[in-house]
Amino acid sequence: MTYTPATQDQLLAIRVNAGIEELARSEKFAAAEPDMVEAIVGGIGEFAAGEWAPLNRVGDLEGAKLENGVVRLPDGFAEAYAHYVEQGWNAISGPVEFGGQGLPFTLSCNVLENLGTANMAFNLLPMLSVGAIESLEHHGSKELQEKYLPKLVSGEWSGTMNLTEPQAGSDVGALRTTAEPIAEGEHAGKYRIKGQKIYITWGEHELSKNIIHLVLARLPDAPEGSRGISLFIVPKYHVKEDGSPGPRNDLRCVSIEHKLGINASPTCVMSYGDNDDCIGELVGSENRGLMAMFTMMNNARINVGNQGVQIGERATQQAQLHARDRIQSARAGSPDKAPVAILEHPDVRRMLLRMRALTEGARALLYYTAGQVDRGTLGDAAARARGEVLTPLIKAWGTDIGIEVASLGVQVHGGMGFVEETGAAQHWRDSRIAPIYEGTNGIQAADLVTRKLGLDGGEALSALIADIARDAGEEPTLAALAADCEAVANWMREEASLDDRLAGSVPFCTMFAVAVAGWQLLRQLRAIEAGDAPGLAASKSASVRFFLDRIVPEASGLKAAATAGADPLYALSADQLVG
């Protein structure tokens with residue numbers, strides 16, 4: 001289970017797909033010069049491979065354990081996290097005024113890519129903190145920012161997101177956690193929080209000195225549903241006047257889930273206010289909490305799509321090494337009947353190339369999305385809208401790719417992939433959560449065919465398809481897929497009912513994501529042909545051709561499913577369907 005950072009492919013994607021050199025021409029991101037970018041990408045890759053990757057297997061085998069209310073991690077995790085904080089990796093894109101380096105979001109994506117490829121479960125800790133910083137930066141008062149952001153930015157404190165409750169699931173508006181205003185006493189102006197949250201990633205641990213929980217709750221007499229939700233900061237430890245942690249707040253981890261994968265990530269059931277003394281502070285306006293939380297969730301959705309790249313890279317590397325070293329059978333049709341490495345067999349070649357092409361395609365889409373987010377930060381409204389269109393694509397397709405690639409990795413290993421000793425099974429188990437959290441992939445696809453389909457009067461989505469079609473050039477499969485995407489989008493706007501759109505949302509989301517990824521890979525190939533990244537010339541040509549010639553046509557085949565409508569799904573009554 002060795003890990004070698006994909007530094008050169010990452011740098012290519014950062015240059016070509018994110019357009020880092022253009023970003024660096026702005027005053028805000030002027031520090032992102034080529035030498036700085038290369039130092040960050042190379043440095044975090046080396047750190048991740050050296051300190052976080054060796055903990056991946058022990059984290060899976062031993063996992064997180066709850067002992068007397070305290071979550072314990074295997075030996076080495078505390079030291080590795082401390083080194084991560086000391087070296088400043090958490091602060092890459094954090095606001096300068098609170099101790100961050102103010103670099104593009106693109107580079108923080110690269111930090112998370114390397115850390116997550118090394119150790120996906122561990123990487124969820126900083127990933128959630130990045131989202132908490134984003135939410136407070138946009139919605140927190142000046143007082144809250146000064147109180148919490150410096151240590152969240154440094155990583156000394158970590159953050160969480162508390163939405164889900166046992167009875168609510170994805171229906172956040174059904175939450176029951178309450179927030180009562182405090183009128184007098186030590187905590188006047190704050191709120192007493194009471195309720196239970198489930199699936200809280202890294203909700204309790206000892207690696208950071210404080211945990212800053214962002215909790216959705218309902219004020220007295222708040223409107224029903226999602227219109228009546230507010231957001232609160234609820235720290236594990238109260239913060240004293242000098243900024244240091246004080247007494248413990250009235251909150252606890254009730255249990256941690258026993259999961260299919262990501263065993264080193266404590267997924268907690270959290271209880272707030274068992275003794276009616278859990279204190280929280282309002283973030284933003286009353287009853288506007290969902291908007292503030294979605295700032296964190298949109299950031300997290302891109303970073304979850306990143307996890308598909310991460311697990312795809314790790315599974316691909318392991319499968320390649322196994323296929324190189326595993327000797328079995330002569331190559332069919334060869335006059336030499338001596339056994340060869342299994343990577344010489346055509347079907348194993350097919351699997352390895354597919355794994356590489358899908359992973360590189362997802363990476364290209366990831367950094368293209370990140371670059372649009374950065375342009376939106378600089379005030380480019382069209383780029384901001386494009387980033388919104390791209391977010392469900394990278395989250396949904398990126399995580400689907402993680403599963404497919406990890407599954408192919410098990411297949412390459414054969415029977416040894418199905419047993420735990422090789423570690424190939426861990427990658428598949430770890431990958432399976434990503435299509436579920438931060439909004440299931442079905443929710444992402446629904447967002448695409450509802451809100452994103454009509455964003456800016458439909459121009460945001462249509463302009464992206466037009467750019468792909470215009471740039472496809474002499475690539476007939478990509479041009480055809482762009483035309484198919486346009487046809488589906490037009491049908492959904494002009495003819496389809498809401499049920500029809502939702503019924504075709506997942507295949508359309510896949511089609512569209514593959515089209516954007518293929519376009520961005522084509523841009524990479526053209527950059528290499530112009531002299532960029534000569535060390536990748538041979539491998540990139542092969543993987544891009546595989547993507548354009550095999551994966552893109554598959555996506556065009558989804559057009560029929562995307563436009564089939566909802567009626568066939570309801571041909572059976574509910575009793576007939578499950579009877």
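Modeller: Asp9, Glu113, Glu313, Glu360, Arg363 and Lys540 are joined in a network of salt bridges. A salt bridge here is a side-chain nitrogen of Lys or Arg within 4 Å of a carboxyl oxygen of Asp or Glu. This is a predicted model, in which local features need pLDDT of at least 70 and side-chain atom pairs count only at pLDDT 80 or more, while totals for chains, interfaces and linings use all residues. Residues are numbered from 1 along each chain as its sequence is written, and side-chain values use heavy atoms, with hydrogens and water left out.

Colleague: How many salt bridges does the structure hold?

Modeller: The general idea is that side chains of opposite charge can pair when their charged atoms come close. In this structure there are 35 salt bridges.

Colleague: Which parts does the pair Glu404 and Arg354 tie together?

Modeller: The side chains of Glu404 and Arg354 form a salt bridge at 2.6 Å, N to O. Glu404 belongs to helix H11 (residues 381–413) and Arg354 to helix H10 (residues 346–377), so this pair ties together parts that are 50 residues apart in sequence. Helices (H or I, at least four residues) and strands (E, at least two) are DSSP runs, numbered from the N terminus.

Colleague: Is Arg354 buried or exposed?

Modeller: Buried means under 20% relative accessible area, exposed means over 50%, and partly exposed lies in between, with a 1.4 Å probe and protein chains only. Arg354 has 12% relative accessibility and therefore counts as buried.

Colleague: Where do Arg526 and Asp471 lie?

Modeller: Their side chains meet in a salt bridge at 3.3 Å, N to O. Arg526 is in helix H18 (residues 505–529) and Asp471 in helix H15 (residues 459–471), so the pair ties together parts that are 55 residues apart in sequence. Arg526 is partly exposed at 33%, and Asp471 is partly exposed at 28%.

Colleague: What is the N to O distance between Glu67 and Arg72?

Modeller: The salt bridge between these two side chains has a distance of 3.9 Å. Glu67 is partly exposed at 40% relative accessibility, and Arg72 is partly exposed at 42%.

Colleague: Which residues does Glu281 touch?

Modeller: A contact means heavy atoms within 4.5 Å. Leaving out residues up to four places away in sequence, Glu281 touches Leu144, Lys147, Tyr148, Lys190, Leu231, Phe232 and Ile233. Glu281 sits in strand S12 (residues 279–283), and its relative accessibility of 11% makes Glu281 buried.
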